[in-house]
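Me: I'd like to walk through a protein model with you, one question at a time. Can you show it to me before we start?

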Amino acid sequence: MKEYLEKVIEGKNLTFDEAYKVMYSIMSGNENNSKIASLLTALKMKKETPEEVAGFVKAMREKVIKIKCEDENVIDVCGTGGDGSGSFNISTAVAFVVSGAGVKVAKHGNKSISSKSGSSDVLHELGVDVQLSPELSEKALNEIGIAFLFAPLYHPAMKHVAPIRKELEFRSIFNILGPLTNPAGTHKQLIGTFNYETAKLMSEAIKYLDMEKVCFVCTNNSFDEVSLTHPTNVIETTGRNSMHIYELTHESFGFPKLEIKDILGGTAKQNAEIMHKIFAEKEKTPAYYVVVANSALALKVAGVSDSLSDCIQLAEESILSGKTLKKLYELKEFGEKYK
């Protein structure tokens, strides 16, 4: 660790293998808090590289508690968070829409960190047991087609860095590692990022990892979702060598242009009410449109269809047919059954 720390402090980049060794040592509890804090600070000042991100991800993946899913199209929909937009839990709502459309979703998430409501907070309000054991979550994923994977249960090695991150009080490389360390080993993902620079960094890191198709989205260089308020930059990666960069607007989906105020959320209870209203009342509100737009892109990533318009239709059908709401109730009842 010492030689690698000195290397970073001098402004030099770690190789993929060096980054892997550093993170593996940290996750194994072999390093003290001062060295870890120094490394995170030095990396931020130097600016992290794709090789460093990928090396860290590989080590974290080896330390994660894994669950199995035989379906190769299983997908995760999540964001880096930290965008400060104050929107409701869009990716959490998307998970149920996508599952209702027939694609298995391993939704990786946590409690609120920078917002009023994290994915586990809003799901708890909706009556979902967010702390199911890995064994039961695996069963839910394979039988129901959706599971919530509460990050602290699957990343016990993070206990070695959690207090340090809290004390540092600045955004570090760990803010972008979580979405790439899904316990179900998803090879397809829709990931929202808090700025475009981070989207580019993560998309370059994918080249060193075993991923099939990942879409990184960032709207207005600040929102980690397709918000329909401004143009959304999309970086679509396929395998190790293919990258397609394009832009989506509200017109791409045939939906009205929204204002930020249209998709604002609040507490976990308020966000749960917004989600339930979309699923149950099926009224075409701004919240409905933004959930459908993100769901359509997720379905495209999952390989359901290469046509965005087809995916929009499938996402709407999932909500309007009641399949989305049914998935929510099934996951809720599953947790109640095993209490």
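What follows is a set of questions and answers about this model.

Me: What kind of model is this, and how are its residues numbered?
Reply: Side-chain values here use heavy atoms, leaving out hydrogens and water, and residues are numbered from 1 along each chain as its sequence is written. Local features need pLDDT of at least 70, side-chain atom pairs count only at pLDDT 80 or more, and totals for chains, interfaces and linings use all residues, since this is a predicted model.

Me: Which residues of helix 7 are buried?
Reply: Helices (H or I, at least four residues) and strands (E, at least two) are DSSP runs, numbered from the N terminus, and helix 7 covers residues 134-143. Buried means under 20% relative accessible area, exposed over 50%, and partly exposed in between (1.4 Å probe, protein chains only). By that rule, the buried ones in helix 7 are Pro134, Leu136, Ser137, Ala140 and Leu141.

Me: Within what arc do the buried residues of helix 7 fall?
Reply: Picture looking down the helix axis; the arc is that of the directions from the axis to the C-beta atoms. On the other side of helix 7, Glu135 and Glu143 are exposed. The buried residues line one face of helix 7, because they fall within an arc of 160°.

Me: What covers the buried residues of helix 7?
Reply: Contact means heavy atoms within 4.5 Å. The cover of those buried residues includes strand 2 (105-109), strand 3 (146-150), helix 8 (151-154) and helix 16 (323-337).

Me: How many disulfides are there?
Reply: A disulfide is a covalent bond between the sulfur atoms of two cysteines. Here the cut-off is a pair of cysteine sulfur atoms within 2.5 Å. Cys69 doesn't qualify, because the closest cysteine sulfur, in Cys78, is 16 Å away, too far for a bond. Cys218 is in no disulfide either, with the nearest cysteine sulfur, that of Cys215, 13 Å away, and the count is 0.

Me: Is Cys218 buried or exposed?
Reply: Go by the relative accessible area, which is 1% for Cys218. Cys69, at 16%, is buried. Cys218 therefore counts as buried.

Me: How many aromatic pairs are there?
Reply: Rings of Phe, Tyr and Trp (its six-membered ring) pair if their centres lie within 6.5 Å; planes under 30 degrees apart count as stacked, over 60 as edge-to-face and the rest as tilted. Counting that way gives 8. One of them joins Tyr288 and Tyr289, with 5.8 Å centre to centre and 75° between the planes, which is edge-to-face.

Me: Which residues form one aromatic cluster with Tyr288 and Tyr289?
Reply: Both Tyr288 and Tyr289 are buried. The aromatic cluster that contains them also has Phe253 and Phe255.

Me: At what distance from the ring centre does Arg171 lie over the face of Phe194?
Reply: A charge sits over a ring if NZ of Lys or CZ of Arg is within 6 Å of the ring centre and within 35 degrees of the ring normal. Lys58 does this over the face of Tyr20, at 4.6 Å from the ring centre. For Arg171 over Phe194, the distance is 3.6 Å.

Me: With which side chain does the side chain of Lys284 make a polar contact?
Reply: Lys284 lies in the loop between helix 13 (268-281) and helix 14 (286-301), and its relative accessible area of 46% makes it partly exposed. Leaving aside neighbours within four places in sequence, Lys284 is in contact with Tyr289, Glu316 and Leu320. A polar contact is a pair of N or O atoms within 3.5 Å; within protein, one must be able to donate a hydrogen and the other to accept it, and residues adjacent in sequence count only if both atoms are side-chain atoms. At 3.4 Å, the partner is Glu316.

Me: Where is Asn221, and what is its phi near?
Reply: Most residues other than glycine have a negative phi, and most peptide bonds are trans. Asn221 sits in the loop between strand 5 (213-219) and strand 6 (232-238), and is partly exposed at 47% relative accessible area. Its phi is positive, near 55°.
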